[in-house]
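Reader: I have a few things to ask about this one. Can you put it up?

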Amino acid sequence: MSNANLNVDGENMEFPIVTGTEGERGIDLGKLRASTGLITLDQGFVNTGSCQSAITFIDGEKGILRYRGYRIEELAAKSSFLEVAYLLIRGELPTQAELDDFRNTITIHTMLHEDFRKFYGGFPKSAHPMAVVAATTSALATFYPDSLNLDAKNEVEICTKRLLAKLPTIAAYAYKHSIGQPFMYPVNEMGYAANFLRMMFATPCEEYEVDPVIAKALDLLLILHADHEQNCSTSTVRMVGSSRANLFASISAGVSALWGPLHGGANQAVIEMLQRIESEGITGKQYLDRVKDKQSGIRLMGFGHRVYKNFDPRARIIKQTCRDVLARLNQQTRLLDLAMELEEVALEDPYFVERRLYPNVDFYSGIIYQAIGIPVDMFTVLFSMGRLPGWIAHWTEMHRDGFRISRPRQIYTGATERSFVPIAER
Ligand code: CMC
């Protein structure tokens, strides 16, 4: 094992270098403060590894993404969302019998307790569904108090299945409540994505048939979102879990972290941006001029990534799926055309080239969601359904491998000690 030397005030110290299976290297500074009194300061954790993990590998320079060693392109072409969920959480691809068993146990947990439905009545119809999903996911712990016992291994296993099974139901109910339609019970013989589509769009009054091409496209999107190592929401799930908070509470925190427009909320922001450009009747180039003007505070949503300094491989797959879905539905491609125009101009523009900004997973996904009738404020909810197995896999890995409570340090920059002044004298 090699070491890194740090010289502080003339004193030399050595810290071990840790190397991952793909050759990534990090300096283990675990003893830094104890031996020097110093801490590292790294805003946004740009250079900080918070853990070692065997779940997902990203090479941002080359645009590579692999779950448990399998290329995302291959999983997208050959796998299904539940198989990928199994892979992420359990570490290996399932046999047919294992997959059948996994799928069956998930499908028997899809229903929500009847009393649970009453929560929805308490939310205004205009509530953002991410708020509803975060709140109701956390509320699952009230119905399953056994889940609070993290030492019962079987309980964590059951919670995992409950979450995977119930999140689509929770999400679809949030939508149904917002439009005042009756909730549709899940149908357990249907596939994961198809069941969700039915709960979203069917009503008790008429037959509803799920288009298998659309269900497949949705399943694909769920696969592409299933994990992305230590992103903001996954780090949040780990951080909350590190206090030994239960799985429902940790996942609910992940949903909240995902909501922001710099993270999962970008898929909603992209469609809103495209619609704005369209309604203003400006060209892609004119919009990019606004983006490049730093005073405007506008970003090209769906572009740029902390890790990818090359094409996000998920964006390539989604772009192709987008074309297929629009063709299948015989829908206009104006937003897709506009997105492609923006991409083309941006990829030639020195501002984006120099900063190595490329389309990310959110750039084209919203166009597919919109084409299949998903309302804009549900986009990030679909992202959370996709990301769920990744969150669970990280939470489980952390608990299995051992952890300390996440507790960063700070450099204090506030007032030094001063005396309290009584209010009358201030
Ligand atoms: N449009 C315009 N300029 C950008 C963009 C963008 N989308 N992204 C980064 N930049 C500029 C930024 O202004 C900065 O310029 P300068 O060096 O002149 O100050 C430079 O590029 C580096 O940006 P940064 O904000 O320091 O990069 P970051 O790694 O902290 O942020 C990001 C990454 C994804 C938050 C950012 O690229 C962004 O805001 N993108 C738009 C929002 C988005 O699409 N988010 C989805 C991310 S992928 C899926 C997910 O995580 O959910």
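Author: Here it is; note that this is a predicted model.

Reader: Which helix is His-177 found in?

Author: His-177 belongs to helix α7, which covers residues 153-179.

Reader: And is His-177 buried or exposed?

Author: His-177 counts as buried, because its relative accessibility is 11% and the cut-off for buried is under 20%.

Reader: Switching to the sheet. What is the strand order?

Author: The order is β1-β2-β3, in an open sheet of three strands with antiparallel pairing. The edge strands, each pairing on one side only, are β1 (3-8) and β3 (25-27).

Reader: How much are neighbouring strands turned against each other?

Author: On average by 30° in this sheet, with direction ignored.

Reader: How many bridges are there between β1 and β2?

Author: Six bridges, in the antiparallel sense. Within that pairing, Leu-6 stands opposite Met-13 in β2.

Reader: And what about β2 with β3?

Author: Strand β2, residues 11-19, pairs with β3 over three bridges, again in the antiparallel sense. There Val-18 stands opposite Gly-26 in β3.

Reader: What's in the turns?

Author: The hairpin of β1 and β2 has two residues between the strands, and Asp-9 in that turn has a positive phi of about 50°. The hairpin of β2 and β3 has five residues between its strands; in its turn, Gly-23 has a positive phi of about 85°.

Reader: Now the ligand. Which residues come nearest?

Author: There are 22 residues around the ligand, and those that come nearest are His-263, Lys-294, Arg-299, Leu-300 and Arg-306.

Reader: How does the shell divide into nonpolar, polar and charged?

Author: Eleven of the shell residues are nonpolar, six are polar and five are charged.

Reader: How much of the ligand does the protein bury?

Author: The protein buries 74% of the 930 Å² that the ligand exposes when taken alone.

Notes
Residues numbered from 1 in each chain as written. Predicted model: local features only at pLDDT ≥ 70, side-chain atom pairs only at ≥ 80, totals over all residues. Heavy atoms only, no water. Near = heavy atom within 4 Å. Areas by Shrake-Rupley, 256 points an atom, 1.4 Å probe, with all protein chains shown as cover. Nonpolar A, V, L, I, M, F, W, Y, C, P; charged D, E, K, R; others polar. Pairing = 2+ DSSP bridges. Helix = DSSP H or I, 4+ residues; strand = E, 2+ residues; numbered from the N terminus. Axes fitted to C-alpha atoms, helices over the stretch in contact; angles between N-to-C directions. Buried < 20%, exposed > 50% of the residue type's maximum accessible area, 1.4 Å probe, protein only.
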